[in-house]
Amino acid sequence: MAQLPNDGFDPSTAPPSQDFELLSEGSYVATVTRDDVKHTKARTGQYLELEFTIVEGPAQRRKLWTRFNILNPSPKAVARANRDLAALCDAVGIHHKIKDSDELMGKTCRVHVAIEPAEGAYSASNKIDKFETLAGSSLAPAAPAAPAPAPVVAAPMVAALQAAKGSAAPWAQ
């Protein structure tokens, strides 16, 4: 039991929170802002849950969540999770094996949002069904710089000049 501060809380002093309206189907630029690995409801597996925050447009600051069944008795669920997680990694430029979901934190990509229809006791909801790179977005990362040219190795040239002249380099005298 926890004692509430300020002599308790009176619900008549604040309006109840409102449900969020569903986002329209379409593409949004979003950043991974939270990650967590959780057990499935049946405790027979685990999933990676990621929170995305939309960073552009009228839906800016809205949140979206997606789950990847990374450990599950269903091979189909794991295969789907692996495909979707690979698509996310590709969209944010990660092309190496990741061991910690923290590597996804702060990464930005374009997410395609669809509407999951209501089913049973659950109302309709948004779901992320595709991840894409930021090409064309104002938040697209700058193109990587061209690699620096290989350094010129001067030692063999100096040795050859010294052999030809028969004397040491001026700085070595």
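**Strand pairing in the sheet**

Mentor: Ser27 has His112, a residue of E4, as its bridge partner. The model is predicted, so local features need pLDDT of at least 70 and side-chain atom pairs pLDDT 80 or more, whereas totals for chains, interfaces and linings use all residues. Residues are numbered from 1 along each chain as its sequence is written, and side-chain values use heavy atoms, with hydrogens and water left out.

Strands here are DSSP runs of E with at least two residues, numbered from the N terminus, and two of them pair if DSSP finds at least two bridges between them. Thr31 is also placed opposite a residue of E4, Thr108.

E1 is likewise antiparallel to strand E2 (residues 46-54), to which 9 bridges join it. Here Asp35 has Leu50 of E2 as its bridge partner. E1 and E2 form a hairpin with 6 residues between the strands, where Arg43 adopts a positive phi near 60°.

These pairings form part of an open sheet of 5 strands, ordered E3-E2-E1-E4-E5 and paired in the antiparallel sense. From one strand to the next the twist averages 45°, with angles taken from 0 to 180 degrees between the N-to-C directions of axes fitted to C-alpha atoms.

Technical notes
Helix = DSSP H or I, 4+ residues; strand = E, 2+ residues; numbered from the N terminus.
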